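Please study the sequence and the structure before reading each solution.

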Amino acid sequence: MTATEQPVQHADTTELIVSRCKDLAVRLAQFPRVALGHFPTPLEPMDRLSEALGGPRFWVKRDDCTGLSSGGNKTRKLEFLMADAQAQGADTIITQGATQSNHARQTAAASAKLGMACNILLEDRTGSNDGNYILNGNVLLDRLHGATVSKRAGGVDMNAEMETLAQTLRSQGRKPYIIPGGGSNPIGALGYVNCARELTEQAAGMGLQIDALVHATGSSGTQAGLVAGLAAIESDINLLGIGVRAPQEKQEGMVYDLACRTAAHMGLATDIDRSAVRANCNYIGPGYGLPTEGMIAAVKMLAETEGLLFDPVYSGKGLDGLLDLTRKGHFDGMNNVVFLHTGGSAALFGYRDTFDLPGYTP
């Protein structure tokens, strides 16, 4: 169902929504959390983009400004995950991701900040042997933060690989804590339950009614947390994930399952409506982490119109979806659409040859 077929209704008063946000904050306070990021992140207009597209007014929620190792959405999840690791007495963190994983970079930084060892397993999902891709960008930062980084072939069972490593470390007297890819479990998703609250309170303070919230969706933790958070405050914001990896049915299924488990983890009596989970997976292109013409054009457009940097794997493909859907009239009748910037600009340095950029004479 498109946004035009299901117009957004703003039935709740600002006062009631803010009251629900406060209740949600109290509920979230029962879970351990360690401060790693700069919050609240800014909510800014993108008026040059709005003018260029001739659509609704666009805004950007700057989760690229969370501060931890150049920022990104995983910092919100890691505040809860790392606190849980500390509570369990862990001294070593294990996680996994694709080669240019934003999650791996932020996990390495969080581990360094909290004095824990960090082991990162990087899955080769693209088959690229380009030196910039396998050594620069996020991979460079992983190692700079002191993490131990090792590569795995594409398609292997990464959860099993992490558990095997954990068993080895336990035999050496270490106390490892495993964080799933993307930090996407009910503990990590609490970070985006909290983001739903934060964004809603920000908008209320600005007198802004958000009609739609759009973001890139991959391992599902960000979208699942937003779904659960918006359900908890009974918000009518139209949430749409732009898939970067899985087909629509699989992506929505993962998000719905995790949203339900996250709600249960919080003790919410609210049932998650399956119709609240929507993912458009038409912008993945040839595969995860593989560039598309639409992504390239979108990243260039935002760099040139708004001075913003987006990554080529997640937010870039999310932007491609936002721009294309706008041109197709998906957001017609809406006034304010927010794009959640999940960060990751460090990955651009792993994709140097993807962008044919003029303006430089060596």
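The model is predicted, so local features need pLDDT of at least 70 and side-chain atom pairs count only at pLDDT 80 or more, while totals for chains, interfaces and linings use all residues. Residues are numbered from 1 along each chain as its sequence is written, and side-chain values use heavy atoms, with hydrogens and water left out.

**Exercise 1. Describe the salt bridge between E44 and R62, and state which elements the pair ties together.**

Step 1. The search gives 17 salt bridges. In the one between E44 and R62, the N to O distance is 3.0 Å.

Step 2. Helices (H or I, at least four residues) and strands (E, at least two) are DSSP runs, numbered from the N terminus. E44 lies in strand β1 (residues 43–45) and R62 in strand β2 (residues 57–62), so the pair ties together parts that are 18 residues apart in sequence.

Step 3. E44 is partly exposed, at 29% relative accessible area, and R62 is buried, at 13%.

Step 4. R152 and E161 form another salt bridge, at 2.7 Å from N to O. R152 is partly exposed at 21%, as is E161 at 27%.

**Exercise 2. Classify the aromatic pair formed by Y133 and Y351.**

Step 1. Rings of Phe, Tyr and Trp (its six-membered ring) pair if their centres lie within 6.5 Å; planes under 30 degrees apart count as stacked, over 60 as edge-to-face and the rest as tilted. The whole structure holds three aromatic pairs.

Step 2. For Y133 and Y351 the centres are 5.5 Å apart and the planes stand at 90°, an edge-to-face arrangement.

Step 3. Y133 belongs to helix α5 (residues 131–135) and Y351 to the segment after β10 (336–341), so the pair ties together parts that are 218 residues apart in sequence.

Step 4. Y133 is buried at 5% relative accessible area, and Y351 is buried at 6%.

Step 5. The rings of F310 and F339 are also edge-to-face, because their centres are 6.0 Å apart and their planes are at 65°. F310 is buried at 0% and F339 at 1%.

**Exercise 3. Determine how the axes of α11 and α12 cross.**

Step 1. Axes are lines fitted to C-alpha atoms, for helices over the stretch in contact, and angles run from 0 to 180 degrees between N-to-C directions.

Step 2. The axes of α11 and α12 come within 8 Å and cross at roughly 90°.

Step 3. Angles under 35 degrees count as roughly parallel, over 145 as roughly antiparallel, 65 to 115 as roughly perpendicular and the rest as oblique. The two helices, α11 and α12, are therefore roughly perpendicular.

Step 4. Contact (heavy atoms within 4.5 Å) involves residues including M295 and L302 of α11 and L319 and L323 of α12.

Notes: Buried means under 20% relative accessible area, exposed over 50%, partly exposed in between (1.4 Å probe, protein chains only). A salt bridge is a side-chain nitrogen of Lys or Arg within 4 Å of a carboxyl oxygen of Asp or Glu.
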